[in-house]
Amino acid sequence: MGDKQFNCPQCGESTDTLHEGYCEPCCSGNQAALDDHNHQHDRWARLSSTERDVEIKHAHR
Ligand SMILES: [Zn+2]
């Protein structure tokens with residue numbers, strides 16, 4: 001063991017274990033970003049069209 005090394009495609013660090021194709025810190029970082037994105041998406045999906053209009057107006061004020 002320990003003779004297999006991979007390079008993380010995201011940060012370029014060498015790692016002996018890939019998680020979803022990335023080193024462990026990148027994988028957990030990506031997962032957190034994805035969770036946040038999904039959270040935002042879910043929240044937006046639950047808004048009615050009037051509530052979306054209000055948010056858009058606030059964003060462009
Ligand atoms: Zn990495």
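Author: Begin with burial: a residue is buried if 20 or more other C-beta atoms, placed from the backbone, lie within 10 Å of its own, exposed if 12 or fewer, and partly exposed in between. Of the 61 residues of the protein chain, 5% count as buried. The model is predicted, with local features needing pLDDT of at least 70 and side-chain atom pairs pLDDT 80 or more, while totals for chains, interfaces and linings use all residues. Residues are numbered from 1 along each chain as its sequence is written.

Reader: Which elements does the protein chain contain, from the N terminus on?

Author: Helices (H or I, at least four residues) and strands (E, at least two) are DSSP runs, numbered from the N terminus. Here the order is β-β-α-α, that is, two helices and two strands. The radius of gyration, taken over C-alpha atoms, is 19 Å, well over the 10 Å that the globule rule (2.2 Å times the number of residues to the power 0.38) gives for 61 residues, so the protein chain is more spread out than a compact globule. Its C-alpha atoms fill a box of roughly 60 × 20 × 10 Å along the principal axes.

Reader: How many residues of α1 are buried?

Author: One of its 23 residues is buried, so α1 lies largely in the open.

Reader: Is glycine 21 buried or exposed?

Author: Glycine 21 is exposed, with 12 other C-beta atoms within 10 Å. Glycine 21 sits in the loop between β2 (14-15) and α1.
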